[in-house]
Amino acid sequence: LIHFYKRSKVMLAKARLAEVLRRRSSEFIKLGRSASTLPANDDQFDFLSSFDIKAHQARYGNPQEVWVESLETVQPNFTGIRQLHQDVFAVYPRIDLIHKNVVWQTTYSKVNYAHAKTVREMIHYFGGGAKPWPQKRMGRARHGSIRSPQWKDGGKAHGPRGPKSFYHMIPYHTRVFGLTHTLTVKFIQDDIHVVKDLEIPTDDPDFIHEIISSRGWGKSTLVVDKDDIFPRNITAATDQIKHVNLMPLYGLNVLSMLKHHTLILTESAVEELTKKILFALNRTDSYARTGLSHCGPKPVDLKIEKHRPVV
């Protein structure tokens with residue numbers, strides 16, 4: 001009877017385990033089927049391509065205007081006038097938002113490697129873990145190790161425990177407002193210039209120096225284009241000039257704009273920048289996107305029979 005009882009308990013445990021595994025496998029199959037129903041390379045949050053700038057209601061005054069220049073000659077050559085959206089280039093600037101972005105950009109990538117050894121680490125590396133003298137009958141204070149914090153060359157009780165990362169993220173709209181407010185400050189200071197394209201007739205660095213001096217641009221200049229592949233001549237001309245840098249639009253940030261005196265934008269970069277910032281100011285899918293990144297796609301219940309007939 002005892003053997004039969006033990007055997008029945010083992011068989012019951014195996015049956016329960018098989019039932020749990022069957023349920024889990026059915027859940028995995030359901031998740032796999034639901035995931036396979038989603039398009040492979042389709043982003044369900046790709047609303048930027050269908051975003052209409054005209055549907056955006058401006059929060060500030062009137063659009064601003066700026067001259068469109070050409071880089072084909074050394075002397076200023078204006079080819080037209082372009083309007084700049086007031087919600088991107090003409091907001092009421094707040095220095096505190098710009099300062100938050102600067103502090104974030106200068107600290108989030110830092111790592112503090114300061115590390116003070118504890119008592120156990122000092123014992124591991126340098127020894128001294130034995131009791132220096134007996135506990136009693138010595139007339140001396142009670143100690144368990146010469147590496148205690150109160151000893152010279154002892155461990156540190158509450159010292160730094162590096163490496164410590166300072167990585168953190170500020171809110172999404174704080175970063176967006178940092179861009180708009182910095183662009184506004186640059187525009188108010190007349191440090192933003194729009195050019196038709198980045199085509200120059202020569203790859204001589206002196207040509208860039210002459211353009212900067214004749215047009216009154218700042219010594220440090222940041223040139224921004226829509227794509228990350230720049231024309232050959234301007235790439236070769238600015239390669240030897242340390243204070244003139246090229247940057248694609250997706251890398252534009254607050255700290256880089258503040259480090260350079262003059263910001264040069266192409267017409268295509270202005271159009272794409274305006275579209276992206278206005279989309280960022282109007283997007284409402286942050287909660288859904290966060291849920292997708294944390295939980296994955298929502299499983300779809302398949303319409304199949306719940307109970308199969310027993311054959």
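**View A. Asp-153, a partly exposed residue in a predicted model.** Asp-153 has a relative accessible area of 48%, so it counts as partly exposed (buried is under 20%, exposed over 50%, partly exposed in between, with a 1.4 Å probe and protein chains only). Take a look at the backbone too: phi of Asp-153 is positive, about 60°, even though the residue isn't a glycine. Local features need pLDDT of at least 70 and side-chain atom pairs 80 or more, while totals for chains, interfaces and linings use all residues.

**View B. Arg-137, in the loop between H4 and S4.** Arg-137 is no glycine, yet its phi is positive, at about 60°. With a relative accessibility of 82%, Arg-137 counts as exposed.

**View C. The cis peptide bond between Gly-162 and Pro-163.** Omega for the bond joining Gly-162 and Pro-163 is about 0°. Pro-163 belongs to the loop that runs from helix H4 (119–126) to strand S4 (164–165).

**View D. Ile-229, out in a loop.** You'll find Ile-229 between strand S6 (221–225) and helix H7 (232–238). Its relative accessibility is 70%, so Ile-229 counts as exposed. For a handy distance check, go from the C-alpha of Ile-229 to that of Met-247: they are 9.6 Å apart in space and 18 residues apart in sequence.

**View E. Helix H5 packed with helix H9.** H5 covers residues 172–188 and H9 residues 267–282; their axes are 10 Å apart and the packing angle is about 140° (axes are lines fitted to C-alpha atoms, for helices over the stretch in contact, with angles from 0 to 180 degrees between N-to-C directions). On the H5 side, the contact involves Tyr-172, His-173, Val-176, Phe-177, Leu-179, Thr-180 and Leu-183 (contact means heavy atoms within 4.5 Å). H9 answers with Leu-273, Ile-277, Ala-280 and Leu-281. Sorted by class, that contact has nine nonpolar residues, two polar and no charged ones (Ala, Val, Leu, Ile, Met, Phe, Trp, Tyr, Cys and Pro are nonpolar, Asp, Glu, Lys and Arg charged, the others, Gly among them, polar).

**View F. Helix H3 packed with H5.** Here H3 (residues 95–107) meets H5 at an angle of about 115°, with 8 Å between the axes. H3 contributes Leu-97, Ile-98, Lys-100, Asn-101 and Trp-104. From H5 come Thr-174, Arg-175, Phe-177, Gly-178, His-181, Thr-182 and Val-185. The class tally for H3 with H5 is five nonpolar, five polar and two charged residues. Phe-177 takes part in the contact with H9 and in the contact with H3.

View G. The average pLDDT of the protein is 84, and 82% of the residues score at least 70 (pLDDT is the predictor's confidence in each residue, from 0 to 100). Zooming out, the protein has 10 helices and eight strands, and 32% of its 311 residues count as buried. Of the contacts with a separation of 6 or more, 74% link residues 24 or more positions apart.

Definitions and conventions
Residues numbered from 1 in each chain as written. Heavy atoms only, no water. Helix = DSSP H or I, 4+ residues; strand = E, 2+ residues; numbered from the N terminus.
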